[in-house]
Amino acid sequence: MTMRRVISALVHDRPGVLNRVASMFRRRGFNIASLTVGHSEKPEFSRMTIVVDNVPESALWQVTSQLWNVVDVVEVMDITDEDYVARETALIKVRANQENRGHIVEILDLFRGAEVVSVSPSTVILEITGPTEQVESLLALLEPYGILELMRTGLVALTKDEEVPQDGEFRGPALVGAPSQRR
């Protein structure tokens, strides 16, 4: 059985780390559905949210344990089965004229976290932030109007656990394949 996995990784904020992580997945033949990177709560570190599709169940351990072998990776968590919050943002350029612009705005009003960010005589650019399913639902409703351009950020995710690491420590309970010297 294959499945979608959501992996969170804390990495040193250095040039080349993103390339090394993506190359590790490529070399093993795993498809990255989305990879989002941004500064973390710790100076000099970034947090990655990596969504991998079609990973055979037999290879789940390999995916996370191989991340530990990437230089500059200091924490890896497969959060797929954890209690977590995930969001993504999308900018959507839709064909719009005077006749249908009101209908598009009415559709947008159904979605919390969505707004019009730009209007021209022939298009509107919409922004939505929310769970992937909410973004997909809005896209389906806008399709008949003509989606001209679309840009999605990919998933960002954090676990809901209340454990907060002390300065200089990294979380431990959800770590997968962590070598003892990295803890």
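User: Buried means under 20% relative accessible area, exposed over 50%, partly exposed in between (1.4 Å probe, protein chains only). So which is E88, buried or exposed?

Analyst: E88 counts as buried, at 6% relative accessibility. This is a predicted model, where local features need pLDDT of at least 70 and side-chain atom pairs pLDDT 80 or more, while totals for chains, interfaces and linings use all residues. Residues are numbered from 1 along each chain, and side-chain values use heavy atoms, without hydrogens or water.

User: What does E88 meet in a salt bridge?

Analyst: R152, at 3.0 Å from N to O. They sit 64 residues apart, R152 in strand β8 (residues 147-152) and E88 in strand β5. R152 is partly exposed, at 26%. Salt bridge here: Lys or Arg side-chain nitrogen within 4 Å of an Asp or Glu carboxyl oxygen. Strands (E, at least two residues) and helices (H or I, at least four) are DSSP runs, numbered from the N terminus.

User: How many salt bridges in the structure?

Analyst: The structure holds 10. One of them joins D72 to R14, with the closest N and O atoms 2.4 Å apart. D72 is in the loop between α2 and β4, and R14 is in the loop between β1 and α1 (17-27), 58 residues away. D72 is buried at 11%, while R14 is partly exposed at 47%.

User: And R5, what does it pair with?

Analyst: The R5 side chain meets D81 at 3.4 Å, N to O. R5 is in strand β1 (residues 2-12), and D81 is in the loop between β4 (73-78) and β5 (84-95), 76 residues apart.

User: Buried or exposed, those two?

Analyst: R5 is buried at 8%. D81 is exposed at 65%. A salt-bridge network links R5, D78 and D81.
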